[in-house]
Amino acid sequence: MTLMSGTMISQVIALFLSPILTRIYTPEDYGLLGVYASVVSIISVIGSLKYDAALLLPKKDTNALKLYQICYRILLVLVSVIFLLLILFYNQFLEFLNASSLGVFILLSGVSILFLGSFHINNNLLNRFKRYRGLAVTKVSRTTGTSFGQLGFGIMGVGFTGLIFGRLVGEGLGMFFSRFYLAKTPRFKNAKNDISESDSYLELAKRYKDFPKITAPHALTNASASSLPTLILITFFNSSVVGWFNQCIKVIFLPITLISASTYQVFSQKVTELHNDDKSVRKVTTDTLKKLALIGALPFSFLLFFAPDAFAFVFSEQWRVAGEFAQLLVPNFFMVFIVSPLAYLPILFGQQAKSFKIEIIYLVLRLSAIFVGVYYNDPYIAIGLYGFVSFCTLNYVLLWYLRLANTEL
């Protein structure tokens with residue numbers, strides 16, 4: 001509830017400002033932002049080779065702190081390599097993305113990767129230390145910074161670049177506050193003082209080697225499955241289609257993030273404690289699932305019937321198509337809402353390998369669905385099939401998670 005209350009404030013502000021922003025920026029502007037965001041999302045998810053996902057696992061805080069330092073060193077190396085590649089292959093990269101309008105602003109993606117990577121590393125350690133108030137504040141600062149930044153730059157009339165600059169403001173604030181609260185945490189300070197008692201960097205890197213070997217490729221596949229549709233749509237259709245699609249995703253994922261992402265952080269911490277004490281995670285898993293299903297039933301039912309009119313009324317008539325896309329994706333959105341908080345279970349039970357295989361199949365199915373729409377030159381077919389195969393795959397994933405939790409179906 002602490003996490004959700006903080007996130008709620010930021011999401012309410014974001015939702016309040018969205019009708020203003022969609023009247024300042026065009027679907028084409030949001031399409032270019034979508035291309036930029038897709039590149040950042042695909043790369044930043046493996047910014048620390050997913051060693052950050054292991055920060056909950058060490059029994060000793062000193063080992064967690066050294067693992068934290070490993071994460072940062074990997075992130076800095078990755079960002080340096082990205083900057084170098086962007087500078088060397090700048091024109092080829094823009095041509096490949098069919099997004100020459102982005103121009104030099106694509107170079108800012110390296111900064112976004114650094115900010116986002118730091119944000120995720122810090123937040124995972126804050127979660128370990130149960131600093132939920134700090135986690136809530138970092139979410140508020142990131143979302144509100146982005147929204148007000150985009151509003152301010154939009155009023156200045158800088159075009160689509162205002163969306164990118166505003167995003168950078170939010171990401172920078174999120175990184176700053178996550179580090180600020182971490183530095184004030186007593187357990188963090190104590191671990192720094194006692195770090196000589198920890199295992200070596202090499203020992204820790206080897207102990208959690210499955211994270212870069214399995215979890216990182218899995219996360220990359222997951223991010224690609226979410227971001228590659230944007231890159232395919234911009235290549236075969238136009239930036240308006242991408243703008244509608246991304247606005248649909250953004251608006252629906254705001255409430256999903258409000259509850260589902262916050263639940264994931266608490267759920268992962270609780271099941272880790274239970275598992276370390278050799279206790280069953282069955283009850284907390286089923287309770288979490290039931291509550292999420294009840295919470296999501298009414299709003300997702302509303303979207304299923306009224307999404308186009310709702311989008312046109314709130315964001316202006318030029319965004320009605322985004323509502324039509326949302327209508328096609330509602331079943332998928334509902335499954336994401338109830339399944340994603342349970343995604344820590346494969347990590348907890350060492351089932352990353354199977355989870356990775358499922359993710360690869362998931363990626364292939366979704367991209368195939370998009371290309372069917374490309375073949376018929378119809379974005380509605382592309383997005384409708386994308387939502388259908390996503391819905392079916394997530395149903396299978398949910399059943400698997402429940403079996404992992406030793407739940408009677």
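**Before starting**

This is a predicted model, in which local features need pLDDT of at least 70 and side-chain atom pairs count only at pLDDT 80 or more, whereas totals for chains, interfaces and linings use all residues. Residues are numbered from 1 along each chain as its sequence is written, and side-chain values use heavy atoms, with hydrogens and water left out.

**Stop 1: a nonpolar patch**

Select Val77, Val81, Leu84, Leu85, Leu88 and Phe89, which together form a nonpolar surface patch with about 550 Å² of accessible area. Accessible areas come from the Shrake-Rupley method with a 1.4 Å probe, and for residues only the protein chains shown count as cover. Patches consist of residues with over 30% relative accessible area and no salt bridge; like charges are joined within 9 Å and nonpolar side chains (Val, Leu, Ile, Met, Phe, Trp, Tyr) within 5 Å.

Within this selection, centre on leucine 85, which belongs to helix H3 (residues 61–88). Helices (H or I, at least four residues) and strands (E, at least two) are DSSP runs, numbered from the N terminus. Leucine 85 is partly exposed, at 41% relative accessibility; buried means under 20% relative accessible area, exposed over 50%, and partly exposed in between (1.4 Å probe, protein chains only).

**Stop 2: salt bridges**

Side chains of opposite charge can pair when their charged atoms come close. The structure holds 9 salt bridges, each defined as a side-chain nitrogen of Lys or Arg within 4 Å of a carboxyl oxygen of Asp or Glu.

Select arginine 167 and glutamate 171, whose side chains form a salt bridge at 2.7 Å, N to O. Both residues lie in helix H7 (residues 161–183), 4 residues apart, about one turn of the helix. Arginine 167 is buried at 16% relative accessible area, and glutamate 171 is buried at 2%.

Next, select lysine 283 and aspartate 287, a salt bridge of 2.7 Å, N to O. About one helical turn separates the two, because they are 4 residues apart in helix H12 (residues 282–315). Here lysine 283 is exposed at 59% relative accessibility, while aspartate 287 is partly exposed at 25%.

Then select arginine 320 and aspartate 309, where the closest N and O atoms of the salt bridge are 2.8 Å apart. This pair links distant parts of the chain, 11 residues apart: arginine 320 is in helix H13 (residues 320–339) and aspartate 309 is in helix H12.

Finally, select Asp61, Arg128 and Arg187, which are linked in a network of salt bridges.

**Stop 3: helix H11**

Where is the kink in H11 centred? Select threonine 257: the kink of about 45 degrees is centred there, the bend being the angle between axes fitted to the seven residues ending at a residue and the seven starting there. At the start of H11, a side-chain oxygen of asparagine 238 comes to within 3.0 Å of the backbone nitrogen of serine 240. Just after H11, aspartate 278 has a positive phi of about 60 degrees.

**Stop 4: phenylalanine 325**

Select phenylalanine 325 in helix H13. Phenylalanine 325 is buried, with a relative accessible area of 1%.

Terms used. A polar contact is a pair of N or O atoms within 3.5 Å; within protein, one must be able to donate a hydrogen and the other to accept it, and residues adjacent in sequence count only if both atoms are side-chain atoms.
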